[in-house]
Amino acid sequence: MLVRVIAAVVLLTIFCLAARRARLVPGRFQNAVEMILDFVRNSIAVEVLGEVNGRKYFRLLATIFCTVLFMNITSVVPFLNIAGTSVIGLPIVLAAWTYVMYLGAGVKAQGVGGFLRSSLFPPGVPKVLYLLLTPIEFLQVFVLRPATLVIRLLANMVAGHLMLAICFTATSYFLFDSDGAMKLFGAGTFVAGAAFFFFEIFVAALQAYVFAILTAVYLNMSIEAEH
């Protein structure tokens, strides 16, 4: 929880400073923040939802992307060394938020009946197949979509944390507790740990992108009557 609080404070501080110091001609700091927001707006929100809906849900998607990114990146920050998303509580909260927005957008756009009809009874399918498809669609819409958001994010961050812990614990053992030629293995585990360190940074950014773009995709599917 302390790691999550630190990440949240840093995130809010960065954006508050960027907003207070905003200039018509941005400096490096403002430019870096605007690059992140432009990426979310153009490559996620507008790309998936279109111009109108993309602008409507941009704030939601930007908040999710930046929150997941900062909570993920704490896994490689010295003295923190664990992702805020590597314990299931936060992924559940983020997925629940996405799920509520997903259902709300669908009901608002199509009405309760229209949303259920388009979600559970895909158009262009022989009616007899609904006996098979409707239960599957029900599980997909109301169970699997939020569950997979949680599991995907959690599993990736837990796996990265474990790999880093294993590599650097092994390095410490080989260098300081082993004898003779066994110490040479420490060099190998250190190199592996360094490689996983940089890979974890990539995974942190990738999972933020995946979570945000899946949120956009789900919103688009709930808004569109046919998909």
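Predicted model: local features only at pLDDT ≥ 70, side-chain atom pairs only at ≥ 80, totals over all residues.
Now the helices. Two of them, H1 at 2-20 and H3 at 58-73, each give at least two residues to the lining of this pocket. Which helix gives the largest share of the lining? That's H3, with six residues.

Let's stay with H3, then, and look at a helix it packs against. H6 covers residues 185-223, and its axis runs 8 Å from that of H3, at an angle of about 155 degrees. Anything over 145 counts as roughly antiparallel, so that's what we call H3 relative to H6. The crossing of H3 past H6 is right-handed.

And what's touching what? On the H3 side, the contact uses Leu60, Leu61, Ile64, Phe65, Val68, Leu69, Asn72 and Ile73. Over on H6, the residues include Ile201, Ala204, Ala205, Ala208, Phe211, Ala212 and Leu219, and you'll also find Gln207, Tyr209, Thr215 and Ala216 there.

How many charged residues sit in this contact between H3 and H6? None: there are 16 nonpolar residues and three polar ones.

So, to wrap up with H3: this helix supplies six residues to the pocket lining, and it also packs against H6. That's my tour, thanks!

Terms used:
Residues numbered from 1 in each chain as written. Heavy atoms only, no water. Helix = DSSP H or I, 4+ residues; strand = E, 2+ residues; numbered from the N terminus. Axes fitted to C-alpha atoms, helices over the stretch in contact; angles between N-to-C directions. Parallel < 35°, antiparallel > 145°, perpendicular 65-115°, else oblique. Left-handed = near helix turned anticlockwise from the far one by under 90°. Contact = heavy atoms within 4.5 Å. Nonpolar A, V, L, I, M, F, W, Y, C, P; charged D, E, K, R; others polar.
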